[in-house]
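Here are a few notes to read alongside the model. Keep the sequence and the 3D view open as you go.

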Amino acid sequence: MKIISAVEAAKLIKTNDTIAISGSGGSGSPEATLKALVNRFRKNKCPKNLTVAAGIIPGNLTDDDVGLNCLAEPGLTGKAICAHYGKAKKFGEAVGENQFPAFGIPLGVYTHLLRAIAGKKPGVITHVGLNTFVDPRIESARLNQKAEEVEPIVEVIDIGGEEKLFYKSFPINVSIIKATYADKKGNLSLEWEPIIGEQFQLAAAAHNSGGIVIAEVEKVVEYGELKAKDVLIPERLVDYVIVTPPDKSLGEYNIPKHIPGLVGKKRIELSEIKPIEMSIRKICARRAMMELNKGVLVNLGVGMPELVANVLNEEGGIEDMTTSVETGITGGVAQSGVTFGIAYNPDSIIPDSDMFDLYDGGMLDCAVLGLAEVDREGNVNVSKFGKRVFGPGGFINITQNTPKIVFIGTFTSSGLDVQVNSKGLKIKNEGKVKKFVDRVQQISFSAKNAIKNKQDITYVTERAVFKLTAKGIELVEIAPNVDLKKDILANMEFKPRISKNLKIMDKKIFIPKKMGYKLK
């Protein structure tokens, strides 16, 4: 192991290299190296044409020069293979503007593909992605037009008469990862990282591909000072170490300070977590909460689903069930926004690749996930909207392997304004964009798969609740004080089936005070 500067590290990356980056949204990003790399490119126009691999790409939800936004410079990135592009706005926009070929693969597949690369296996064979946009018979995981010009990364194969998808391995020249400490021999500890992520898999994949591993740490300590159980990446896998203190000017991004409650060193009082203000988002989260049962293990997705943990905590029911996040967190109160993927008071923190072994095997009882577009068949799109590109994240793994799914989101978007009172809901200004459409722009969730697998699927909005049936989606509940024809049917591109037992949503959902709700 050799200690070098970030500037020296950037010089180790060559034109046409495949580089793999650690990080998950607001956590675990090797910021110093990424900044040095883009500065080198701006000055010297090299390296060029990099293939960039990442999971939930690091970023702070802005177009600031942080995370993978640093690699959005035209000519620097030549191809991207990532699970989710939403956290780094500028990089996602570069994909949408067709700046370079980009693929979106399920996060669980990505983490398992890193293990396959490390083990010199040809790739990953799985059912995950069948009948979604990842399926070669639909879009072959392509997120833009330029991706159609390069070799596909996934194909359909037959194993024992069953269709599977085969995701191909590829060599990694450089892995750039973040850890907390290194000892003088090069062993790495992630002691204060709230997410373990893919760091070990990234290091193993690059090392066994004949590439190099660059690790950023806060501090180098004496050999023998780190506890063996805290060393998650042994020195054999580490070539270079950069010592860089946390950048506290970045706010919550990249967790610049040590917080005991996030890493299991200390439990905080749940009363310290403030309830969210009354809003459309809180209405949806409350109604989604009512789909959960006591004792379940539930995954909470990015965006509005994150709020379910908050409303559960407000109602005193957060300890009556167990939450889980695909980043490897089980238990605790999941956080939102830039800090999505971490939790206060976690019961356990494991690598996300291990978590997806469990998810793919059916460990989850239920999942609450985002809803951006739904069509007449019940398909859901969360991955691409015109030039706005997000990718699937862990969405496809979760929705194809969990018996009960609750999708939540507003009924329309772009300008929606509602008034909430004791009578229920009043639409003051309707959103310009309809979310219940004749055909989704991209299939992130396959209703065909769900019906075949007999999954229980519910779609929750602030004014209507639907269920998936073999004949499409069926309206089963409407909010008090809304008009079925004017407020619901007139704002859909298709007419759903309407339940003979159409119900009114519980009025307590719409009252700002605590509901007094207990899980069933």
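The points below cover a helix pair, a glutamate and a proline.

1. Before you start: this is a predicted model, where local features need pLDDT of at least 70, side-chain atom pairs count only at pLDDT 80 or more, and totals for chains, interfaces and linings use all residues. Residues are numbered from 1 along each chain as its sequence is written, and side-chain values use heavy atoms, with hydrogens and water left out.

2. Have a look at helix α7 (residues 280-289) and helix α8 (residues 307-314), which pack at about 75 degrees with axes 9 Å apart. Helices here are DSSP runs of H or I with at least four residues, strands are E runs of at least two, and both are numbered from the N terminus. Axes are lines fitted to C-alpha atoms over the stretch in contact, with angles from 0 to 180 degrees between N-to-C directions. The pair is therefore roughly perpendicular (65 to 115 degrees).

3. Which residues of α7 meet α8? They are R281, K282, A285, R286, A288 and M289, and their partners in α8 are L307, V308, V311, L312 and E314.

4. E477 sits in strand β35 (residues 472-478). At 14% relative accessibility, E477 is buried (under 20% relative accessible area, 1.4 Å probe, protein chains only; exposed is over 50%, partly exposed in between). Beyond four places in sequence, E477 is in contact (heavy atoms within 4.5 Å) with residues including R287, R463 and L502.

5. P234 is in the loop between β14 (231-233) and β15 (240-243). P234 is partly exposed, at 34%, and leaving aside neighbours within four places in sequence, P234 is in contact with N187 and F200.

Methods:
Parallel < 35°, antiparallel > 145°, perpendicular 65-115°, else oblique.
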